Amino acid sequence: MAEPQETTVQRSITVPIAQEAAFAVFTERLGDFKPPEHNLLSVPIAETVLEPRAGGAILDRGTDGSECRWGRVLVFERPTRLVFSWNIGPTWQIETDPAKTSEVEVRFVAEASDSTRVEIEHRHLDRHGPGWEAVRGGVADEQGWPLYLARFADVARGVHR
């Protein structure tokens, strides 16, 4: 009998800034740490935008003005919690059916007045349907959430200076 596949990926990092600042960096400066090569547009990304409200979009805007809406904000609770849909399917194309998208929860846990643990839980990966394991593999890989968090920490350290 085969082992059941894990449908959640969890990663975390601690950064040397206050909780409110960590939340602000993640939500207001996503484009500063999202790898530019993670791009579903046919042109380079000019900016990445996270609209700061439940129901808001997460999108990449290309240098030609085109847009790729790859997420939707589900929960926006400053400064502790952000939840968004991951609308990128197993073939690395946009998924428009909300029932076939996974969720990313980002928690900002104050460890001290100048230290915050940022926890990512990417869950319900099996909702992507056949081939969902490729999504899990991509976000769990060193070029997935670990890369995002390492780059996030670099931006956060710049805020700390």
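Are tryptophan 70 and phenylalanine 84 buried or exposed? Select them: both are buried (under 20% relative accessible area with a 1.4 Å probe, protein chains only; exposed is over 50% and partly exposed in between).

Before moving on, note that this is a predicted model, where local features need pLDDT of at least 70, side-chain atom pairs count only at pLDDT 80 or more, and totals for chains, interfaces and linings use all residues. Residues are numbered from 1 along each chain as its sequence is written, and side-chain values use heavy atoms, without hydrogens and water.

**Ring pairs**

The whole structure holds 10 aromatic pairs (Phe, Tyr or Trp rings, the last by its six-membered ring, with centres within 6.5 Å; planes under 30 degrees apart are stacked, over 60 edge-to-face, the rest tilted). Select phenylalanine 23 and phenylalanine 76. They sit edge-to-face, 5.1 Å centre to centre, with 70 degrees between the planes. Phenylalanine 23 belongs to helix α1 (residues 19-28) and phenylalanine 76 to strand β4 (residues 67-77), so the pair ties together parts 53 residues apart in sequence. Helices (H or I, at least four residues) and strands (E, at least two) are DSSP runs, numbered from the N terminus. Phenylalanine 23 is buried, at 0% relative accessible area.

Return to tryptophan 70 and phenylalanine 84. This pair is also edge-to-face: 6.3 Å centre to centre, 85 degrees between the planes. Tryptophan 70 is in strand β4, phenylalanine 84 in strand β5 (residues 81-86), 14 residues apart.

**Cluster**

Now select Phe23, Phe26, Phe33, Phe76, Phe108 and Phe152. Ring pairs link these six residues into a cluster.
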